[in-house]
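Keep the viewer open as you read.

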Amino acid sequence: GLLLAAWLTAFFYVRTWDLPSRLEHVPDAIVADAAFTPAEAMQASTYSYPPLQYLLTSLALPDPSVEQCDSVAEATHRILVRRAFSSAMAFGLILLTFLFGVRHLRMNDWFAWGAAQLFALLPLVLFYSQTSNMDAPYAFWLMAAVFCVAEAELRAEGRRSVALHLAAGVFLGASFCTKDQVYAVCILPAFAYALFRLRRGESFRSATRPLLLWAASFVLTVGAIYAWAGGIPVMRAHFSWIAGGGRTEFFQAGDSFAERLSLLRLQVRSLLCAADLPLLAALLAGALLLRSGWRSFLREEWLFPVAILLAMASMQLFLIQILRASHARYAVVFLPFLALLAFRMLERARPRPLVVAVIAVLLGYSGLNAASFLSGMKRTPRQEAVSVLKKNPETFAAMTLPGERFLYGADGAATRYGAYRSWLFAKLEPEGDVPDLALESFFFHMKDPDSVLLSGDVESPFADELKACGAYR
């Protein structure tokens, strides 16, 4: 109940951030065009993502009338509905985090609740639960799959175990059809799981049976979802984009050994940013307060931290080294498990009064940190620019997003206008300090770059371009 109350408060407080608008100002969000079918929305997003989230959200969005197709209000409504789906699935992820701690890590209810609450208050989690991106939904499906595997391993036998492994494959298929990079997280842990079963004395057939059950239900699930989306043409288009030129757009490093090695540092930096100070502090506090209990903790519970490290290594080998890129949002899938690890260490730490005080400080700071972040989402530079436009219709606004620039009208409608170039702002505002940001929307909200407001009669080297884009009113 406490988790739900906190989550609903956050959802209703920021659900309209950066709205009304014709599009969501976040890279890789679902295109809000009301005229698109799910398959057409995938195409508009250059087939970057699989179809499941497009299909699920379309169930709550009836076909619009011709008049609605070009309406800012209709686009805004669609963004809100898709955000609601992401938020609901993010809450499901939080709830599964709590249940995983209680059922499979044998944690006390309050410590499991603390882990889930800390995870829920992380800025990255708050942000991607309030957009139509795929990050929270695919992490939810993956956590559901992991939960089923743990349930089958620790609490089930016979037919129930088989059913749970089949369900895990279904959830993995759903995760893959939401954001296909999930495959990279699972490869090493899956083979390590089979090896673990072999080493405890099971036959090769018995040890590998779960993998075969996952594969069977995974293939059936993926096939069914793509058939729902439009069949072979949609599947071919998506996988052609992945295997072809699409992935080259993400390169952040070259192909030399040194630059390949730098991708490991980039992954660590992304993980540190995603974890933010509260989770990093919780992990450090748990490790320090365990003190002499470290050996017994590793002897009894080594499998959980090793599984997390294997998943991270798997992502590095099979995704980051292929894409040659890493962003903070890639770490969303690891955060609930890291929160559980931190609070499992704290639960075993002593003295208990000090542990309770540390947890109170961590959760208190997390709440303040989350409130500050949510307040920032409610007052983005774009919203301030639109507010100025409403009061001064003769003014236009040019504003940056990482990687892109938009022009805004007083109704909140946006026109995409080229790529972000810091030299433009250097010429418009010679004294201004505008950082050259990477293409990662999360950092936009953390760094909060300035809007650039110009009156309609200001002359600049770019006046003709701006007039051509309809910037002057």
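## Arg-200 and its partner

Arg-200 is partly exposed, with a relative accessible area of 43%; buried means under 20%, exposed over 50%, and partly exposed in between (1.4 Å probe, protein chains only). Its side chain meets that of Glu-202 in a salt bridge, 2.8 Å from N to O. A salt bridge here is a side-chain nitrogen of Lys or Arg within 4 Å of a carboxyl oxygen of Asp or Glu. The structure holds 13 salt bridges.

Before going on, a word on the model: it is predicted, so local features need pLDDT of at least 70 and side-chain atom pairs count only at pLDDT 80 or more, while totals for chains, interfaces and linings use all residues. Residues are numbered from 1 along each chain as its sequence is written, and side-chain values use heavy atoms, with hydrogens and water left out.

Glu-300 pairs with Arg-348, with 3.0 Å between the closest N and O atoms. This pair links distant parts of the chain, 48 residues apart: Glu-300 sits in helix H13 (residues 294–301) and Arg-348 in helix H15 (residues 335–348). Helices (H or I, at least four residues) are DSSP runs, numbered from the N terminus. Arg-348 is partly exposed at 23% relative accessible area. Both residues belong to a network of salt bridges that also links Glu-301, Arg-344 and Glu-347.

In Glu-74 and Arg-78, the closest N and O atoms of the salt bridge are 2.9 Å apart. The two are separated by about one helical turn, because they are four residues apart in helix H4 (residues 72–104). Glu-74 counts as buried at 11% relative accessibility, and Arg-78 is buried too, at 3%.

## A buried glutamine

Gln-130 lies in the loop between helix H6 (123–128) and helix H7 (135–155). With 2% relative accessibility, Gln-130 counts as buried. Leaving aside residues up to four places away in sequence, its contacts (heavy atoms within 4.5 Å) include Phe-11, Trp-17, Glu-24, Arg-83 and Met-377.

## Backbone features to check

Most residues other than glycine have a negative phi, and most peptide bonds are trans. Arg-106, in the loop between H4 and helix H5 (109–120), has a positive phi of about 60 degrees; Arg-106 is exposed, at 57% relative accessible area. Arg-324 has a positive phi near 55 degrees, but Arg-324 is buried, at 15%.

The peptide bond from Arg-350 to Pro-351 is cis, with omega near 0 degrees. Pro-351 is found in the loop between H15 and helix H16 (352–378).
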